[in-house]
Amino acid sequence: MSHARQICRRLHEEHLGTLDLWGKIEQACGARTRPESELVALLRRGAAEAALELERHFAFEEAELFPRLAEAGEADIASLLEEEHGTIRDAARGFIELARGIGEGEAPPPPLRRLALELAERLFAHVQKEEMALLPLLDDLLDEATDESLVMIYSGN
Amino acid sequence: MMPGPFAGEARSRLLPMSVPFRYFGAAVVFQILAWTLLARHADQLAGFAGGPSPLLGALHLVTLGVLAMTACGASLQLLPIATRQPVRSVAAAKLAWWLLVAGVVLFALGALRYHPPTMGVGALVALLGLAVYAWLLAENLRRARGMRVVVAHAWVACCALLLTLASGFALAQGYVHGFRFDRAALALAHLTLAAYGFMGMLALGLSYFLLPMFALCPAPGPRSGYASLGAAASAIVIVVIGQLSEAGPGPLGVAALLGLAAALSHIVPMELALRRRLRPALSPSFLLVRVSWAMLLASLVVALASALGWGYPRVAPLFGLLLVPGWLLSFNLAVLQRIVPFLASVHAYGSGRGSTLPSTLTSEPLLAAHRALHLLALAGLLLAVALDITWLARSATLVGLAGALAFAAFFLNVVQRLRAARTQPPTTGESP
């Protein structure tokens, strides 16, 4: 889907990156033949993404986008997505801790695999909702000036 | 049940859970009734060509009771997301359900008892229900923003629905007071408008929104969507005009070719989009989607062969089987398998634990059993009609009934698991 606003395009690209990485993690966790070292590398990438990029993405949405949605009368969608952020953060915390605890040459423990699969599914469902409901709404709500200022804020300028 | 923040918000695009779920629940029950009726009268299947009979009742239990019911429930919930407009009236959505349920029950009872006046009353009540739904649909589409391909398909579906209601009313009147038109031609126009027009266009249109969402893949470009829609709408118009003007089989052949072009313009880009999905694992429900696409193509091939003079004696029931349980029912059930847990998970929200995962609300063994039974029943029915084997038809309908019961168990299980999820503490974030 093509978006009219820059910030929507930016968030969409990040969603694609998240889906790509967590799709690979989900597949690797389910596959028996893949070398364990590859899976460990993917899980570490997932933990790094969850700790930095995901948190940045969530914090921006909560600070800048959800209040605008609520003001526009779409508080229900904003609070649903915010509640999902909380759940994903909880799952991500446990996942990051376990992923960081894997020593060199060790296989990922079963609880880490389970948590990775849960986090992957939660992220897929969350991205589905944001792509379906959040981004099209923002395309409608934001004007050009607000769009530009949001891009600046998100870029950290 | 704990009221979520959606309750009472007129602007919300997410309906109260009871609205779509009453439609889905009714569809689940009517599917069981349809297979039961079909099993009891399986010996008439190979010779069925319409007219008041238990099989006409079974047909309408599927078309009105399952397909239209699901189409109404799903579109009332999903179109507001696609169009970015809330449903105009939740009360009207509930009224449409009551009228549709009452109408389907009366119509089926009338058909079962060979009693056209009861069928006529049932048809009238169901028509009123669908007219209320058509108003809600048109109101939503009139103010629609975004997803223009979906909206365009929904407009064609809405127009087809109005013509379906008109032709259905004419048929009901004919059964009670006698026909002023050729009954078979009117029935074919009605079937085309209802199956390919109303339900078909909603199925194809919502696919541009639903299938990419389920598979996490890009939606096909709008050009193929409009091409498919244009070809399909032209084919439907040609069938209706051809039938009502008694123009012979020529227009039917042209329409079947256009229909094939429309179906391929839909299926091929959709398959290419699915190959670009970002989540490697594809839900098993896509097996039913793909079977439904194959059945759609097969129905059009049979229609084309029939228009070209294929003198096969059981072409009408074969075509009906490919079209109704083959394409539309398989597709509807595939979509229901995904949207029932998805919507239930969304409605678990508000309890402080984020939305419950759809997978934790889904019993995969029940769905796997349903898929196997549904496909087995379909294959058995097609073979039974093709070769005129009554015992096989009866066995296949019993397998279909078992499949419908498995689907009902899946639906009830989702509702039970949702209730349990709402009353239990959060299980998210396993402790390291």
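This report walks through a predicted model, looking at chain A, some helices and loops of chain B, and a cavity.

## Ground rules

Residues are numbered from 1 along each chain as its sequence is written, while chains are lettered from A and ligands numbered from 1 in the order in which they are written. Because this is a predicted model, local features need pLDDT of at least 70 and side-chain atom pairs count only at pLDDT 80 or more, whereas totals for chains, interfaces and linings use all residues; side-chain values use heavy atoms, with hydrogens and water left out.

## Chain A

Let's start with chain A, which has five helices and zero strands. Helices and strands here are DSSP runs numbered from the N terminus (H or I, at least four residues, for a helix; E, at least two, for a strand). Read from the N terminus, the order of elements is α-α-α-α-α. Along the principal axes, the C-alpha atoms of chain A fill a box of roughly 50 × 25 × 25 Å.

Of the 157 residues in chain A, 54% are buried. Buried stands for under 20% relative accessible area, exposed for over 50%, and partly exposed for what lies in between, using a 1.4 Å probe and protein chains only. Taking contacts (heavy atoms within 4.5 Å) in chain A between residues at least 6 apart in sequence, 80% join residues at least 24 apart. Helix α2 of chain A, residues 36-71, bends by about 40° at A:Glu62; a bend is the angle between axes fitted to the seven residues ending at a residue and the seven starting there. Just after α2(A), A:Gly73 takes a positive phi of about 90°.

Because 29 of its 30 residues are buried, α2(B) is largely enclosed by the rest of the structure.

Just after α2(B) comes B:Arg84, with a positive phi of about 65°. B:Arg84 sits in the loop between α2 and α3 (90-112) of chain B, and it counts as buried because its relative accessibility is 14%. Leaving out residues up to four places away in sequence, B:Arg84 touches A:Pro136 and A:Asp140 in chain A, along with B:Arg13, B:Leu79, B:Arg145 and B:Gly146 in chain B.

## Two loop residues with positive phi

Most residues other than glycine have a negative phi. B:Tyr114 is not a glycine, yet has a positive phi of about 50°. B:Tyr114 is found in the loop between α3 and α4 (116-142) of chain B, and counts as partly exposed because its relative accessibility is 47%.

B:Asp388, also not a glycine, has a positive phi of about 55°. B:Asp388 lies in the loop between α12 (364-387) and α13 (390-423) of chain B, and is partly exposed with a relative accessible area of 42%.

B:Ser299 belongs to helix α9 of chain B, residues 285-307, and counts as buried because its relative accessibility is 0%. The side chain of B:Ser299 reaches the backbone oxygen of B:Leu296 at 2.7 Å. Neighbours within four places in sequence aside, B:Ser299 is in contact with B:Tyr196, B:Phe319, B:Leu322 and B:Leu323.

B:Trp135 lies in helix α4 of chain B and is partly exposed, with a relative accessible area of 39%. Not counting residues up to four places away in sequence, B:Trp135 touches B:Arg88, B:Ser89 and B:Ala92. The C-alpha atoms of B:Trp135 and B:Pro16, 119 residues apart along the chain, are separated by 20 Å.

## The second largest cavity

Among the 16 residues that line the second largest cavity, the closest to its centre are B:Ala71, B:Ala203, B:Leu206, B:Phe331 and B:Asn332. A cavity is a set of points on a 1 Å grid over the protein atoms alone where a 1.4 Å probe fits but cannot get out, and lining residues have an atom within 4 Å of a point.

The lining of the second largest cavity comprises twelve nonpolar, four polar and no charged residues, where Ala, Val, Leu, Ile, Met, Phe, Trp, Tyr, Cys and Pro count as nonpolar, Asp, Glu, Lys and Arg as charged, and the others, Gly among them, as polar.

Methods. A polar contact is a pair of N or O atoms within 3.5 Å; within protein, one must be able to donate a hydrogen and the other to accept it, and residues adjacent in sequence count only if both atoms are side-chain atoms. On a 1 Å grid over the protein atoms alone, a cavity is a set of points where a 1.4 Å probe fits but cannot get out, and a pocket is an open set with protein on both sides within 12 Å along at least five of seven lines; lining residues have an atom within 4 Å of a point.
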